[in-house]
Amino acid sequence: MTKNNWPLWEVFIRSKQGLNHKHVGSLRAADAEMAVENARDVYTRRSEGISIWVVESSAIFASDPSEADSLFEPADSKVYRHPTFYDVPDGISHM
Amino acid sequence: MDENLFQYLLRLGDDSLIIGHRMSEWCGHGPILEEDIALTNIALDLIGQATSILAYAGKVENKGRDEDALAFLRFDKDYRNLLLVEQPNGDFGMTMMRQFLFDAYRKPLYEILQNSSDRQLAAIAEKSLKETKYHLKHSAEWVIRLGDGTEESNQRIQESLNTLWRYTAELFYADEVEKQLTEKGILPDLSSVKKEWSNTVHDVLSQATLSIPENGWEQIGGRTGAHSEHLGYILAELQYMQRAYPGQKW
C-alpha cells in the first residue's frame, strides 16, 4: 500500500429499476475518470447499475451527529406533518 | 473439417487464454484494491472469450475435444498464441503496456470479424468487442498515466515498451491459413487492422510522451508453435489440475 493514498470518492449507482442514484460505497482513485472505472469494476460486476455518479468524499459536507437532537427531534412531536388524518376515499388504492 | 478455420480459432482462443491467465496472476497482487478487482475482471473477460472460442474450435475440429480439452490437454507446441501474450508480467507498467499493445490490435480485429460470413465467429466477435473496448480504454489510460507521470514511471514504462516492441510484428502475421480463409470468404479483409492498430498506438504513446523504439529485431514464432520458454511455465500452472486429476470438475 502506498503511503500517499489517492483521494476517496463516494459512489452512487442507479439500478435498472431505480429512478434515483443510491449511495453504494466508496473507493480510491486518482481522478474522476478513474473513479468511474473503478466503480464500474467494484460495484457493478453483477449488473447492479446503468448509471454511475462519483463525488470526491471531501466535497460532501455532512450533518454533525452530535446535533441530531436539535436537527431531528423536533419533527418527532409533529405528527400532523404526516398525512394520517385524512380518510382515504374508496377506490383509491396504493396509498 | 475446415483445418484452416480450426487453426485460426486456436490462434484467437489461445491469445485470449494465455493473456487472460497472465492477467489472472495479478489476482491479490494489484497495486490497490480497486485495480486488483479491475485486473481480475479483465482476466475473467479474456478467459470467458477463450472459453467460447475454444468451444467452437472443438466443434469445428469434430474430434470430441471440448474447450477444456483444448485449453488444458495440449502440449506447448500445439498452442498458437502470440509470443507477446506469454511474456512475463514484470511490473504493473509492463503488464499494462503488454495489454495495451494487445487490446489495440484486438479491438479492430473484432470489429472486422463481426462481419465474418461464419455466424458463430461473428457472434463471438460482437460479444467480445464490448469487453475489449473497455480493456483498451483501461490499458491505454494507464499507459498515458505512467508515461506522462513521474520521471521514474516514464522511464520504467518506456523500458517495457522497448522490451515488448519486438513482439508486435507478429500481431500481423499472415500465412496460408488466413489467406485461404479470406479467399473462401470466411474471414473479411483484415488489412485495415494494422493501420488502426498503428494509429491507436501512435496516438496513445504520443500522449504518454513515450517514443516508439527504432525498428529492430522482430521476433515471431507463436503462430506456428515456436514459443518462448515462458509458455512452458504458464502451462505447468494452468494444466496442473487437469493433468493430476483428469476429468476433475468444479
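Predicted model: local features only at pLDDT ≥ 70, side-chain atom pairs only at ≥ 80, totals over all residues.
Mentor: Residues are numbered from 1 along each chain as its sequence is written, and chains are lettered from A and ligands numbered from 1 in the order in which they are written.

Trainee: What makes up the secondary structure of chain B?

Mentor: Ten helices and zero strands. Helices (H or I, at least four residues) and strands (E, at least two) are DSSP runs, numbered from the N terminus.

Trainee: How do you know that the radius of gyration of chain B agrees with a compact globule?

Mentor: The radius is taken over C-alpha atoms, and the globule rule is 2.2 Å times the number of residues to the power 0.38. For 250 residues that comes near 18 Å; chain B has 18 Å, so the two agree.

Trainee: What share of the residues in chain B is buried?

Mentor: 42% of the 250 residues. Buried means 20 or more other C-beta atoms within 10 Å of the residue's own; exposed means 12 or fewer, partly exposed in between, with C-beta atoms placed from the backbone.

Trainee: Why are H1(B) and H2(B) called roughly antiparallel?

Mentor: Helix H1 (residues 3-24) and helix H2 (residues 33-61) of chain B pack at about 155°, with their axes 8 Å apart. Axes are lines fitted to C-alpha atoms, for helices over the stretch in contact, and angles run from 0 to 180 degrees between N-to-C directions. Under 35 degrees is roughly parallel, over 145 roughly antiparallel, 65 to 115 roughly perpendicular, the rest oblique. H1(B) and H2(B) are therefore roughly antiparallel.

Trainee: What makes H2(B) and H6(B) roughly antiparallel?

Mentor: The axes of H2(B) and helix H6 (residues 119-147) of chain B cross at roughly 165° and come within 11 Å. That makes H2(B) roughly antiparallel to H6(B). Their contact includes Ala38(B) and Ile42(B) of H2(B), and Gln120(B) and Ile124(B) of H6(B). Two residues are in contact if their C-beta atoms, placed from the backbone, lie within 7 Å.

Trainee: How many residues does each chain give to the contact of chain A with chain B?

Mentor: Chain A gives eight residues and chain B six. On the side of chain A, strand E2 (22-28) and helix H1 (32-43) each give two or more. H1(A) gives the most, with four residues.
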